[in-house]
Amino acid sequence: MITNRQWRLKRLVSEGEHPGPEHFEFGQAPVPDLQPGEILVQTIVLGTSPAQRMYVSTERQFHFAVEIGEVMSCRGVGRVVASRHAGFAVDDIVQASLGWQDYAVLAPEASEDPSHNVRNVRKVPAPVRPLTTVLGLFGQLAYSAYVGVIEVGQVRSGDTVVVSAAAGGVGSIACQLARIQGAERVIGIAGGQDKCRWLLERGLCDEVIDYRQDSVGDALGRLCPDGLDVYLDSVGGDMLDTALQHLAVGARVVLCGMISTEYQRPRPPGPTHYFNLLYQRSRMEGFFVFDYVDRWPAFEARLREWYRQGRLVLTDDVAEGLEHAPAALGALFAGGNTGGRVIRVSQDPQHLPHIDDQDGTQTASEHRE
Ligand SMILES: NC(=O)c1ccc[n+]([C@@H]2O[C@H](COP(=O)([O-])OP(=O)(O)OC[C@H]3O[C@@H](n4cnc5c(N)ncnc54)[C@H](OP(=O)(O)O)[C@@H]3O)[C@@H](O)[C@H]2O)c1
């Protein structure tokens with residue numbers, strides 16, 4: 001019999017707390033026999049997202065709420081190891097809501113409701129190693145960056161683009177996409193010297209601002225004296241307010257997330273410098289990546305092409321082992337990740353082609369030379 005390691009919710013995350021190992025219990029459970037229409041999936045890699053806090057907090061209203069004693073919800077990538085479903089075969093690679101566990105029993109048809117697309121079981125059409133790409137560079141983190149930079153931000157040639165949480169999952173890809181769109185300068189804001197160095201050494205940004213050390217306002221004044229054209233914000237709060245003071249005429253402020261204030265209660269007051277949107281004839285717009293689900297395949301095709309051309313680099317930050325899942329999630333709220341944080345649960349199937357074994361792939365440094 002297969003034994004399944006699982007993280008189950010022990011207690012809800014209260015106001016002022018962030019999720020961590022103390023909220024979950026690590027245990028084992030047998031894998032139930034498959035019923036007709038079900039598949040058994042072995043987890044290979046799990047994603048992390050600040051949004052997962054909403055599933056387990058005392059004020060969760062989301063329809064993805066996890067109840068006490070349930071396995072923590074989490075989207076991931078896995079391999080079908082048994083199937084009683086005509087549409088899925090053993091060794092298919094799927095992306096689905098697998099949860100923090102080694103094995104998940106899924107009933108694909110039952111979860112194909114498009115309004116719950118986050119829970120859908122999707123067969124990965126052309127999987128490559130590392131399978132972290134399904135979640136990161138060719139997955140939801142990149143789609144979010146794509147929508148933020150290209151669809152809503154409409155970054156164009158010559159723009160000065162500022163990205164907050166630039167060394168995070170969405171941010172590190174957004175910086176690269178801004179470059180691809182022809183931005184003249186990409187300025188990344190991140191917490192700490194190591195992250196800032198990483199952004200520069202990997203060639204993701206032209207300039208960096210370490211907000212833990214420097215005044216973001218002073219740095220923006222120095223680095224973009226004519227103002228910024230696009231600000232992609234994942235942080236909100238004071239950082240957003242500061243950026244609003246540095247808009248060029250016609251700037252686009254893109255609201256991707258607001259991790260610094262999203263979980264504060266009562267909600268902090270809004271930005272005081274919003275009037276600059278009027279003075280600078282600018283706009284501020286939020287987006288939700290799931291609204292673009294029909295276009296994800298088109299986004300993915302372009303992302304793959306840019307990778308093949310050496311214009312995108314991988315920015316995965318891999319936490320090894322299911323046992324570290326709660327800590328890996330909690331780290332997002334303390335800035336503990338550099339790049340897109342994923343949790344490696346088991347090894348990629350070795351027969352899959354490697355991402356760099358595809359014809360025509362150049363490295364990013366070759367492309368820039
Ligand atoms: N709109 C959408 O459809 C959509 C889709 C995906 C993600 N999101 C949002 O996009 C944001 C980024 O998501 P992600 O998955 O890529 O996470 P991430 O950026 O990899 O991780 C969070 C990062 O935020 C920074 N941070 C955390 N607390 C902070 C604080 N109090 N003040 C300033 N910075 C703080 C940290 O970086 P530093 O160490 O540099 O501070 C941390 O590494 C999140 O807000 C997420 O909810 C939105």
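Contact is taken here as heavy atoms within 4.5 Å, and axes are lines fitted to C-alpha atoms, for helices over the stretch in contact, with angles running from 0 to 180 degrees between N-to-C directions. Helices (H or I, at least four residues) and strands (E, at least two) are DSSP runs, numbered from the N terminus. The model is predicted, so that local features need pLDDT of at least 70 and side-chain atom pairs count only at pLDDT 80 or more, while totals for chains, interfaces and linings use all residues. Residues are numbered from 1 along each chain as its sequence is written, and side-chain values use heavy atoms, with hydrogens and water left out.

Under these terms, helix H3 (residues 193-201) lies across strand S9 (185-190) and S10, and runs at about 170 degrees to S10. Helix H4 (residues 216-223) also packs on the sheet, where it touches S8, S9 and S10, and its direction makes about 165 degrees with that of S10.

The sheet is open and consists of six strands in the order S10-S9-S8-S11-S12-S13, with parallel pairing; two strands pair if DSSP finds at least two bridges between them. Strand S10 (207-210) and strand S13 (283-286) form the edges, each pairing on one side only. From one strand to the next, the twist averages 15 degrees. Within the sheet, S8 (residues 160-163) and S11 (residues 228-233) pair in the parallel sense over three bridges, and Val162 stands opposite Tyr231 in S11.

The ligand has 26 residues around it, of which Gly169, Val170, Lys195, Tyr211 and Asn337 come nearest; a residue is near a molecule if one of its heavy atoms lies within 4 Å of it. This shell divides into 15 nonpolar, nine polar and two charged residues. Helix H1 (140-152) and helix H2 (169-180) each supply at least two of the shell residues. A polar side-chain atom of Asn337 lies 2.5 Å from a ligand oxygen, and a backbone N or O atom of Cys256 lies 3.0 Å from a ligand nitrogen. A polar backbone atom of Ser234 is 3.4 Å from an oxygen atom of the ligand.

Two cis peptide bonds occur in loops. The bond from Arg129 to Pro130 has omega near -5 degrees, and Pro130 is found between strand S7 (122-123) and H1. The bond joining Arg265 and Pro266 is also cis, with omega about -5 degrees; Pro266 lies between strand S12 (247-255) and helix H6 (275-279).

Methods:
A polar contact is a pair of N or O atoms within 3.5 Å; within protein, one must be able to donate a hydrogen and the other to accept it, and residues adjacent in sequence count only if both atoms are side-chain atoms. Ala, Val, Leu, Ile, Met, Phe, Trp, Tyr, Cys and Pro count as nonpolar, Asp, Glu, Lys and Arg as charged, and the others, Gly among them, as polar.
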